[in-house]
Amino acid sequence: MLGPGPTALLDAVHALVLVLDARGCILHLNRHGERLLGYSTREVQGLRMEELAALTPGQETEGTALARLVEGPHPAQHEGPWRTRTGPERLLAWSTSRLASGPAGAEGLLVLTGVEMTEYDRALREQVRFFQTLIDSIPNPIFYKTLDGRYGGCNRAFAEMHGRSPEDIIGKSVWEMAPPELAARYAAKDQELFDRPGIQTYESSVRFGTGEVRDVIFYKATYTDAEGKPAGLVGIVLDITDRKRAEAALQKARDELEERVRARTAELQKLKDAAEAADRTKSEFLNIASHELRTPLTSLHLVLTQARRQLERNEPVSDVTLVSRMERYTGRLTRLAGDLLDASRLERGQLHMRQRPVDLRSLVADVAGDFRQQYPERQVEVELPEGVAWVGADRDRIEQVLANFLDNAMKYTPAQARVAVQLSVWDGTFRVSVSDEGPGIPDEERSLLFQRFHRLSSSVHQPGLGLGLYISREIIERHGGTLGVLGHPPGRPGVTFFFELPRSR
């Protein structure tokens, strides 16, 4: 038995105190212990520690643990649940110590102090539940891992992301949660963070429980234990798939807009270039037209002035040369006006063709004959096939085309050179060609021949508006035919203009 002094001292302690003798039997239970366990000192004296635990149901495991605690070595500690006599379970933290040595070298008294942890444990559990509820309410997946790389816990969003329950995740490694290629990246980044504790951010991919792979950003940070040593890491997952898709869509829209702007800019540049070209063409045309109109008008004015003076002197105006010159100048003005009128009609789509059956052989012969009479000093050779050559055409317009070919040949061919007109059958069509022996046409200018107001660089001193070939091409194409120009072989001067018309069936 303990004396009144030690007993009073132990009773003053605000903790459960059990004093055991050398055999491990209870000598004393202090007053705080009596109130806590519901037993009096007299009821427990002589019992072993594990027997006291066994007095309450379900304490067999705890009794075994307490027996080992009493057996030593000492000092020792133990924490576990304890069901009291009245029923409520208490969490007690036990510690042991020796007071003194007994007689004959036997072990001294053993003092066991039990501090109640029930309220602390309850508060701790409440705090854990609070924080678990808090992170579960966060829509972003959250997890934490221990130093060995295994999941220690997660929130609801993380579990849903993987299509598992939180209990099925805790204790697993990334190798059990993700495909090998992703697991290897996760493990490497975790180890990198453990090697250099702090904060880590990086983009990666996650395969969701649905099988869908989504783009995410991982935000990770290490946490430490009570001693300040790294104990694990906590991570937050931010799903950026929709953001990246939106960024990709925005970039695509931006690229398309830039492409449209570039295309529109190029289109506007083309329109600007075309407008500038049209303005230049207009200016050139006005210069050419004013010159071409001024020349015959000036000549006609001189002739008329000469005739007026003869009349003023009462002299008869009977000079045939004078009259023929008037006819030539007025004819030239008429042709210029006709070309301008035809070009305007073509521009407005009002140049109409009145197609009828036409004998192309007769047409070629007539036009060539007219030029022979107009230029009796020139060599105009004509080659025609036998029989008739029927085509569906506007005779006046086809005559206009052939006359334009012959007129150009007369302009550019030396007076002593030959001009040849030929009608032939060509691949199911009739071909009319006019060959001259002039200076020829440079290759770089052939593609420009049939444009409005274009004149050859060698035709500066030749009359014309640069509309004849343009009008001729339009006439032939509206007849369903083709028109072109061919150069001659080396050693043979000049070029050949031709047009083809389909034969009448």
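Visitor: What makes strand β6 and strand β7 count as a pair?

Guide: Three bridges join β6 (residues 142-146) to β7 (residues 151-154), and the two run antiparallel. Two strands pair if DSSP finds at least two bridges between them, so three will do. Look for Lys145, which stands opposite Tyr151 in β7. Before we go on: this is a predicted model, where local features need pLDDT of at least 70 and side-chain atom pairs count only at pLDDT 80 or more, while totals for chains, interfaces and linings use all residues. Residues are numbered from 1 along each chain as its sequence is written, and side-chain values use heavy atoms, with hydrogens and water left out.

Visitor: Which residue takes a positive phi in the hairpin of β6 and β7?

Guide: That's Gly149, with phi near 85 degrees; the hairpin has four residues between its strands. Most residues other than glycine have a negative phi, and most peptide bonds are trans.

Visitor: Which peptide bonds are called cis, then?

Guide: One joins Gly72 and Pro73, with omega about 5 degrees. Another joins His74 and Pro75, at about -5 degrees. Pro73 lies in the loop between α5 (60-71) and β3 (77-83), and Pro75 sits in that loop between α5 and β3 too.

Visitor: What decides how many helices and strands there are?

Guide: DSSP runs do: helices are H or I over at least four residues, strands are E over at least two, and both are numbered from the N terminus. Counted that way, the protein chain has 15 helices and 17 strands.

Visitor: Why is strand β17 called largely enclosed?

Guide: Buried means under 20% relative accessible area, exposed over 50%, and partly exposed in between (1.4 Å probe, protein chains only). Seven of the eight residues of β17 (residues 495-502) are buried, so the rest of the structure largely encloses this strand.

Visitor: How do you know whether Glu500 is buried or exposed?

Guide: Its relative accessible area is 12%, so Glu500 goes down as buried. Glu500 is found in β17, and its side chain makes a polar contact of 2.6 Å with the side chain of Arg431.

Visitor: What makes that a polar contact?

Guide: The rule wants a pair of N or O atoms within 3.5 Å; within protein, one must be able to donate a hydrogen and the other to accept it, and residues adjacent in sequence count only if both atoms are side-chain atoms. The Glu500 and Arg431 side chains make theirs at 2.6 Å. Plain contact just means heavy atoms within 4.5 Å. Leaving aside neighbours within four places in sequence, Glu500 is in contact with residues including Trp426, Phe430 and Ile476.

Visitor: Is Glu212 buried, exposed or partly exposed, and what makes it so?

Guide: Partly exposed: Glu212 has 32% relative accessibility, so that's the class it gets. Glu212 is found in the loop between β8 (199-207) and β9 (213-224). A polar contact of 2.8 Å joins the side chains of Glu212 and Arg214.

Visitor: What makes helix α15 mostly covered?

Guide: Eight of the 11 residues of α15 (residues 468-478) are buried. Among them are Leu469, Tyr470, Ile471 and Glu474.

Visitor: How many disulfides are there, and how do you know?

Guide: A disulfide is a pair of cysteine sulfur atoms within 2.5 Å. By this rule the count is zero. As for individual cysteines, Cys25 counts as buried because its relative accessibility is 9%, and Cys154 is buried at 5%.

Visitor: What is the mean pLDDT, and where does pLDDT fall below 50?

Guide: pLDDT is the predictor's confidence in each residue, from 0 to 100. The chain's mean is 82, and 82% of its residues reach 70 or more. Over residues 102-106, pLDDT is below 50, and this stretch has three contacts in the model beyond near neighbours in sequence. Residues 458-462 also stay under 50, with six contacts beyond four places in sequence. Where pLDDT is low, the predicted coordinates should not be read in detail.
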